[in-house]
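This briefing walks through a handful of local features, grouped by topic, for reading alongside the structure shown here.

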Protein chains: 2
Amino acid sequence: MFDPSSLRPLYAPDSIAIVGASNNAQKFGGRPIKYMGDTGYGGKIYPVHPRETEIQGHRVYSDVREIGAPVDLALIAVPGPSVLEAANACAEAGVGAAVVIASGFAETGDAQGAMWQDELVALSRRSGMRILGPNCMGTASMLTGAITTFATVFEFYTLRPGGIAMASQSGAMGAHLLVLAAQRGLGSHSMITSGNECDVDVAQCIGYLANDPTVSVIACYLEGCKNPDALIESLEMARRNGKPVVALKVGATDIGAEAAGTHTAALAGSDAVFDAVLKEGGVHRARNLDEMLLVASACSAGKYPNGKRLGIVTISGGGGVMAADAAVDNGLEVPAMPEHAQKKLKALMPFAAVRNPVDTTAQVSSNFALLATNLEVMLDEGDCDALVIFLAYVALSPRVWANLSEILFKFRERYPDALVVCTGMYKREDAAALEERGYLVVEDLTNGVAMVAVLERFARHFERPARAIQTTTLPAPADIPGALNESAALALLGAAGVPVLPTRVVTTAAEAAAAAQALGGALAVKLLSADIAHKSDIGGVKLGVEGPEAAAAAFEAVIAAAKRSAPNAKIDGAVIAPMVSGGVETILGVVMDPVFGPAVMLGLGGVFAEILDDVVIRRAPVDEQGATAMVEALRGKMLLQGARGSEPSDVPALIAAIVALSQFAYVNRERISGVDINPFLVRPAGQGAVALDALIVPRNE
Amino acid sequence: MFDPSSLRPLYAPDSIAIVGASNNAQKFGGRPIKYMGDTGYGGKIYPVHPRETEIQGHRVYSDVREIGAPVDLALIAVPGPSVLEAANACAEAGVGAAVVIASGFAETGDAQGAMWQDELVALSRRSGMRILGPNCMGTASMLTGAITTFATVFEFYTLRPGGIAMASQSGAMGAHLLVLAAQRGLGSHSMITSGNECDVDVAQCIGYLANDPTVSVIACYLEGCKNPDALIESLEMARRNGKPVVALKVGATDIGAEAAGTHTAALAGSDAVFDAVLKEGGVHRARNLDEMLLVASACSAGKYPNGKRLGIVTISGGGGVMAADAAVDNGLEVPAMPEHAQKKLKALMPFAAVRNPVDTTAQVSSNFALLATNLEVMLDEGDCDALVIFLAYVALSPRVWANLSEILFKFRERYPDALVVCTGMYKREDAAALEERGYLVVEDLTNGVAMVAVLERFARHFERPARAIQTTTLPAPADIPGALNESAALALLGAAGVPVLPTRVVTTAAEAAAAAQALGGALAVKLLSADIAHKSDIGGVKLGVEGPEAAAAAFEAVIAAAKRSAPNAKIDGAVIAPMVSGGVETILGVVMDPVFGPAVMLGLGGVFAEILDDVVIRRAPVDEQGATAMVEALRGKMLLQGARGSEPSDVPALIAAIVALSQFAYVNRERISGVDINPFLVRPAGQGAVALDALIVPRNE
């Protein structure tokens with residue numbers, strides 16, 4: 001576990017030194033001082049410059065070591081070649097954290113840049129001074145007014161202080177996010193841009209923010225991850241403290257990932273595993289910046305529903321239908337109001353549809369008390385967990401707003417904790433007044449409904465138990481030779497607790513006959529050769545073989561077929577295995593992610609996995625709970641649970657196999673680079689499951 | 001074919017009478033006159049009022065028949081009970097079209113309202129006067145300034161004239177759309193709200209707008225459709241004239257459709273068939289109002305790409321990755337720039353990534369000529385069909401904008417037709433300047449990329465040939481008895497050209513033996529009884545039966561099984577059919593949509609269709625091209641085309657069967673209410689396809 005409290009100087013500095021300070025408010029070393037004048041930063045500002053005596057009204061120090069008072073944060077605003085000297089001076093002066101904005105480090109790809117960055121890393125480790133950057137755009141804290149960024153957003157906008165904390169690996173995107181947040185009037189806590197992440201990374205920032213009571217939601221822009229353990233620990237801290245995390249992680253597609261590889265020194269991990277880690281950590285993965293800020297804004301009110309039951313009140317029937325569509329699309333329920341509640345509403349509003357969605361029609365505009373009664377009935381008698389109100393644009397009229405606001409403000413006093421989303425158009429100041437009272441205001445109706453679903457998922461995630469510490473003893477690592485044939489792979493997996501088909505490797509017809517005798521029943525006889533890929537195509541597979549003589553003949557036949565069609569192939573004999581049928585075919589596998597390490601994969605049958613991409617991935621090891629969640633996440637899970645007409649499969653056996661495979665992958669992570677079990681047959685309930693074929697790729701193959 | 005030109009008085013009236021005009025600009029009969037004063041409507045305005053002499057500066061007529069000049073459009077702003085008299089007077093006066101805003105007609109569900117509406121319909125038919133409404137919010141034409149709506153949007157906003165034509169069945173949603181369009185600064189052509197659609201409906205409006213050269217895109221809000229033929233014809237007019245149509249159709253989910261049923265007098269058709277009709281008509285179906293206006297705005301520039309190759313230029317590597325992700329998600333290509341182009345760009349910008357996405361880094365801000373060179377290279381040497389530029393927020397700086405705008409304006413002169421999307425932040429007036437020059441401006445980068453994909457789909461749709469007129473002779477309707485057993489259903493479908501299994505119905509063991517003799521090979525013997533659903537569960541199915549004796553025995557066995565487990569069931573004998581295996585199981589079916597009539601459905605295998613909902617629906621009859629499109633639209637189509645390891649199936653036989661089934665459905669649409677063919681086995685290429693089981697539900701069952 002890392003201690004995120006060492007990031008306090010970055011987020012809440014009592015004093016800031018600017019090394020390379022400038023009187024010119026256009027220069028990188030001048031802008032932040034100017035901006036802090038505007039934000040009214042209350043801490044000490046120490047400009048450092050070798051010759052100047054006063055900069056933008058502040059006394060200047062010729063060296064950071066001469067300040068003679070504690071310095072929490074130092075902005076190092078000097079060019080790349082001077083950074084190391086300045087950083088060393090800061091460390092000597094006992095600075096808590098330094099921000100390095102210069103580029104020319106590891107991101108260049110050249111030896112000099114890499115060496116400079118290595119020296120920064122070493123300095124940080126040696127001195128304990130945290131370093132943000134290099135090649136970053138600094139920090140901005142809207143709560144304290146501490147600014148170390150040169151981003152020009154502060155020339156165009158004033159950012160409203162609030163609970164949305166942002167962190168971005170990209171400086172440009174971080175700055176852009178600030179502009180978008182300002183333009184939307186969002187209440188912002190802070191922005192940190194981490195650049196090359198030589199020391200401080202976004203993963204650790206999440207951990208700091210998860211423990212900061214002034215933060216209501218954490219919004220991140222990610223391109224990769226250098227510190228998977230910190231990310232996972234930080235996400236767990238956020239869960240424990242009820243802080244929602246929303247992330248835009250780019251490189252979701254192959255071409256995106258390719259571009260990421262050329263862009264940043266951060267190692268862009270395979271997106272599938274990254275995505276699985278984010279999902280397991282309860283992160284809402286946004287598709288774009290718009291969605292990220294929408295979710296962040298929805299979370300910042302701090303109101304969460306207790307369940308999925310949504311009440312909808314609109315002044316337009318079409319709006320009600322649209323909202324109901326959106327609710328279903330987002331996995332919410334739109335329960336019909338109880339009979340007595342419907343009667344009550346119908347008595348008040350004979351013209352209205354009262355089932356839910358409730359359509360008050362535009363007539364409610366002349367009597368907003370009806371709206372309040374509606375909302376009350378839905379909460380008190382309809383057991384709704386959240387309400388969405390759509391009033392189109394009527395609240396733009398000052399006369400309407402005067403009536404409506406009175407009703408809504410009063411309603412809030414009686415139901416202070418309910419999640420109530422006001423959709424449609426409001427004047428900005430009126431929307432702010434609603435938000436101050438804990439209403440969520442979302443212009444688009446369907447987005448408003450979607451946000452209820454997002455908040456409900458966060459609420460459920462917060463209630464989840466912490467990921468269980470591995471209590472069972474992990475198996476010992478296996479002895480994995482340089483190359484394994486199918487039979488050896490199955491044997492290794494069998495030893496690791498994955499149920500596998502009992503197979504025999506035979507090298508003569510006599511051995512084949514003996515094996516058939518021992519195994520009994522109908523058998524498959526399969527050529528064993530690493531050089532021949534599609535064995536059945538060349539006649540290298542015989543099925544339904546019964547008895548010793550037939551087995552001997554089948555052995556001769558597959559060997560002859562191999563010699564005929566691939567005279568130069570190395571032939572290791574044949575594998576004899578019982579024929580098994582009945583059950584649902586699945587695929588199990590292990591991938592080694594360059595960032596997150598081993599992960600297990602589960603897919604349904606060949607067609608499902610390969611054509612429909614219905615596979616689920618999770619970082620290894622997974623416990624029973626995790627394996628269960630994997631099965632639940634399959635789109636085709638009904639096939640295992642017993643679809644129309646088909647019987648349920650032995651899902652517990654599948655779950656046990658996933659756990660065992662994941663442990664095998666974890667303890668052997670240095671020894672293997674991948675596992676395929678295809679097919680893994682899940683038999684009818686109570687009859688277990690069995691791996692029919694397996695491939696293990698040793699690490700150095 | 002209907003003639004949409006009769007809607008001209010609604011859209012481009014030279015004169016407007018207001019029946020029930022008022023001096024009070026707050027009243028329904030006063031507001032439009034006030035609004036037309038503001039918009040500067042250039043036509044004649046004739047207030048009609050029994051007592052007043054002047055209203056809002058206009059001379060008043062006591063009766064519409066006394067105006068003594070042609071009246072294109074009459075707004076009937078009187079209460080429900082007076083509407084008919086006013087409408088009759090309008091018709092007598094030769095008014096071209098009347099707008100009825102009063103409610104109290106068919107939407108009330110009572111007899112009086114329905115009767116009044118019927119009389120309006122009759123009046124319209126008799127007189128030729130077109131009637132919009134009742135229960136609607138009128139019209140607004142931003143090009144002419146003709147306003148008959150009382151929507152208060154005109155009190156808050158001025159709408160910019162432009163090419164976006166909107167039509168809405170819901171008045172509230174129509175008015176809300178106007179507010180959103182105004183707030184976004186979109187150039188709007190018109191808004192029509194159609195309410196109860198007693199005569200004029202949105203489908204016909206699409207047809208009118210498709211033929212209006214001042215319209216660049218048609219945006220509709222739909223809750224249902226009363227006039228399927230007009231909708232289909234209008235969409236074809238739009239395709240022919242290159243007018244994109246974007247629609248928000250609510251009631252997409254079951255609960256939504258349920259709400260729609262209670263809301264509107266329009267019959268909300270089954271969404272699956274409605275969706276299929278919209279798809280076939282090339283309509284972009286938006287998920288919400290935001291997306292609808294985004295797409296409308298993207299179309300209004302009138303620039304379309306020639307293909308899917310997207311060039312991306314950003315000042316942030318992360319932006320490039322995000323754009324590339326979005327491109328792949330939306331089915332676009334991000335081709336690498338040719339070697340020589342990359343070299344050329346690298347020479348200009350040694351610091352940049354030049355492959356595509358091109359990341360100029362923020363350094364381009366100091367030399368925007370590099371940006372222009374970039375764009376030129378991408379179009380000239382990279383063969384890009386469209387470009388997306390992401391400059392984050394740098395253009396907010398006046399200094400940057402001065403440089404940037406000069407470069408972009410010049411670039412446009414050299415490449416006037418290229419689709420170029422500027423994403424990121426621009427001041428509103430700067431964005432307008434770009435739009436005037438044919439640039440698309442979209443704040444969100446991923447939305448900007450998505451719009452390129454939307455425009456590309458429209459462009460392909462416009463190029464499609466018109467839906468072929470049915471040239472082949474349709475089959476004669478079938479003689480369908482009140483109830484059909486499986487064998488009879490297969491026989492009917494076989495006669496209609498769907499390949500079916502040759503089956504024999506037998507009622508004695510001797511007949512069974514004779515059938516086995518005639519059919520030969522391995523057979524299935526299946527109990528024939530409409531009263532027993534799961535025949536195999538009770539032993540009512542015997543498979544792999546060979547030879548006459550075995551067939552006789554199997555017959556006795558299935559009859560005995562039926563008598564044992566369901567003594568009261570009516571037993572019709574047994575069906576004997578050849579065993580068929582090998583191939584891909586599909587499901588074919590027919591649904592009867594209450595609005596659009598018969599539609600054919602295609603799904604893949606039981607599990608695909610039932611668990612994964614992988615089914616495709618199309619209105620019958622479909623031709624070969626349509627059936628091919630259906631196969632292409634299956635997510636699991638690879639299974640038919642030959643997935644990894646499996647051989648390709650006889651897709652032409654499947655297509656022929658879909659065509660034949662759709663023709664059967666069409667000619668028998670009055671006689672049947674549904675067909676299921678499950679499974680329909682598509683055998684390996686060249687071996688045909690065959691229906692193994694079928695159910696036909698006669699209409700009155």
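Predicted model: local features only at pLDDT ≥ 70, side-chain atom pairs only at ≥ 80, totals over all residues.

Helices and strands are DSSP runs, helices of at least four residues and strands of at least two, and they are numbered from the N terminus.

**Positive phi in a loop**

- Asn135(A) is found in the loop that links strand E7 (130-132) to strand E8 (139-141) of chain A, and its phi is near 60°, a positive value in a residue other than glycine.
- Asn135(B) likewise has a phi near 60°, and it lies in the loop between strand E7 (130-132) and strand E8 (139-141) of chain B.
- Most residues other than glycine have a negative phi.
- With a relative accessible area of 29%, Asn135(A) counts as partly exposed, and for Asn135(B) the relative accessible area is 29% as well, which again is partly exposed.

**Helix packing in chain B**

- Helix H19 (residues 509-519) of chain B packs against helix H20 (residues 548-565) of chain B at an angle of about 140°, and their axes are 7 Å apart.
- Because angles over 145 degrees would count as roughly antiparallel, the arrangement of H19(B) and H20(B) is classed as oblique.
- The crossing in which H19(B) passes H20(B) is right-handed.
- On the H19(B) side the contact is made by Ala509(B), Ala512(B), Ala513(B), Ala516(B) and Gln517(B), while H20(B) contributes Pro548(B), Ala551(B), Ala552(B), Phe555(B) and Glu556(B).
- Of the residues in this contact between H19(B) and H20(B), eight are nonpolar, one is polar and one is charged.

**Strand pairing in chain A**

- Strand E24 (residues 597-604) of chain A runs antiparallel to E25(A), and five bridges join the two.
- Within this pairing, Met601(A) stands opposite Ile617(A), a residue of E25(A).
- Strand E25 (residues 615-619) of chain A is mostly covered, since four of its five residues are buried.

**Cis peptide bonds in chain A**

- The peptide bond that joins Ala620(A) and Pro621(A) is cis, with an omega of about -5°, and Pro621(A) lies in the loop between E25 and helix H22 (624-633) of chain A.
- A cis peptide bond also leads from Asn678(A) to Pro679(A), with omega near 0°, and here the proline, Pro679(A), lies in strand E26 (residues 672-682) of chain A.
- Most peptide bonds are trans.

Note on methods: Residues numbered from 1 in each chain as written. Chains lettered and ligands numbered in written order. Heavy atoms only, no water. Axes fitted to C-alpha atoms, helices over the stretch in contact; angles between N-to-C directions. Parallel < 35°, antiparallel > 145°, perpendicular 65-115°, else oblique. Left-handed = near helix turned anticlockwise from the far one by under 90°. Contact = heavy atoms within 4.5 Å. Nonpolar A, V, L, I, M, F, W, Y, C, P; charged D, E, K, R; others polar. Buried < 20%, exposed > 50% of the residue type's maximum accessible area, 1.4 Å probe, protein only. Pairing = 2+ DSSP bridges.
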